[in-house]
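Subject: Structure handed over, with notes

Hello,

Here is the structure you will be working with. Please open it next to this email and read the notes with the model in view.

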Amino acid sequence: MAYLLVRAGGTPYGLPLADVLEVLEAPGVVPVPGAHPAVRGVSPVHGRLLPRVDLGALLTGRGPDGGAPPTIVVVRGAGRTVAFEVEDVDLAMQDAVLPLPDAWEGPSAVGAARHGEELVPLLEVGGLLARLDTPPEPR
């Protein structure tokens, strides 16, 4: 499976390259009242306003921490296009999909890939985007 290695919330993840449209320097963002807590707002991308989602916040069920990260990854899945905020983007990788470790507690991962000494969860974009339709459970 080919994936783009990103870092969100200080943790590395893989996004399937088939779902990645582009990687951009993050443009300005306009807040959207009443949006899912992981949605920072909307940002203009090539003349369209895209929901801007803090990937780390979406994975943990919390709101965004601190300022907006410097990079967005525009993805398409489940019939929608969004801009995931990420702290860093690394190489596109191709590797075999391994089973997730039993300790994995995060959502929407289809497996893991080895990157150096770590196992990186490979995320399923459609499943992640479906989480935007459901408010996170109170912690």
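The model is predicted, so local features need a pLDDT of at least 70 and side-chain atom pairs count only at pLDDT 80 or more, while totals for chains, interfaces and linings use all residues. Residues are numbered from 1 along each chain as its sequence is written, and side-chain values use heavy atoms, with hydrogens and water left out.

Salt bridges

Side chains of opposite charge can pair when their charged atoms come close. A salt bridge here is a side-chain nitrogen of Lys or Arg within 4 Å of a carboxyl oxygen of Asp or Glu. By this rule the count is 4 salt bridges.

One of them joins Asp54 and Arg40, with 3.3 Å from N to O. Asp54 is in strand E5 (residues 48-54) and Arg40 in strand E4 (residues 39-45), so this pair links distant parts of the chain, 14 residues apart. Strands (E, at least two residues) and helices (H or I, at least four) are DSSP runs, numbered from the N terminus.

Arg40 also forms a salt bridge with Glu85, where the closest N and O atoms are 2.7 Å apart. Arg40 belongs to strand E4 and Glu85 to strand E7, so the pair ties together parts that are 45 residues apart in sequence.

Glu85 has a salt bridge with Arg52 as well, the closest N and O atoms being 2.9 Å apart. Because Arg52 lies in strand E5 and Glu85 in strand E7, this pair ties together parts that are 33 residues apart in sequence.

Taken together, Arg40, Arg52, Asp54 and Glu85 are linked in a network of salt bridges. Are its residues buried or exposed? Asp54 and Arg40 are buried, and both Arg52 and Glu85 are buried too. Buried means under 20% relative accessible area, exposed means over 50%, and partly exposed is in between (1.4 Å probe, protein chains only).

Nonpolar core

In soluble globular proteins, nonpolar side chains tend to be buried together. A nonpolar core is a set of buried Ala, Val, Leu, Ile, Met, Phe, Trp, Tyr and Cys residues joined through side-chain atoms within 4.5 Å. The largest one has 23 residues, and those that touch the most other members are Val6, Leu15, Val53, Leu55, Val73, Val75 and Phe84. At least two residues each come from strand E1 (2-8), E2, H1, strand E6 (71-77), strand E7 (80-86) and helix H2 (125-130). H1 gives the largest share of this core, 4 residues.

Not counting residues up to four places away in sequence, Leu55 touches Val6, Ala8, Phe84, Glu85, Val86, Leu123 and Leu128. Contact means heavy atoms within 4.5 Å.

Largest pocket

Rolling a probe the size of a water molecule over the atoms shows where empty space is left. On a 1 Å grid over the protein atoms alone, a pocket is an open set of points where a 1.4 Å probe fits, with protein on both sides within 12 Å along at least five of seven lines, and lining residues have an atom within 4 Å of a point.

How much space lies in the largest pocket? The value is about 240 Å³. The pocket is lined by 17 residues, and the closest to its centre are Gly9, Asp54, Gly56, Ala57 and Asp65. Strand E2 (11-16) and helix H1 (55-60) are the elements that give two or more residues to the lining. The largest share, 4 residues, comes from H1.

Single residues

Thr71 lies in strand E6. Thr71 counts as buried because its relative accessible area is 17%. Its contacts, not counting residues up to four places away in sequence, are Val23, Leu24, Ala26, Phe84, Glu85, Val86 and Val89.

His46 is in the loop between E4 and E5. Its phi is near 50°, a positive value in a residue other than glycine. His46 counts as exposed, at 64% relative accessibility.

Ala78 is in the loop between E6 and E7. Its phi is positive, about 55°, although Ala78 is not a glycine. With 63% relative accessibility, Ala78 counts as exposed.

Regards

Definitions and conventions: Grid points are joined across faces, edges and corners, and a volume is the space filled by probe spheres set on the points.
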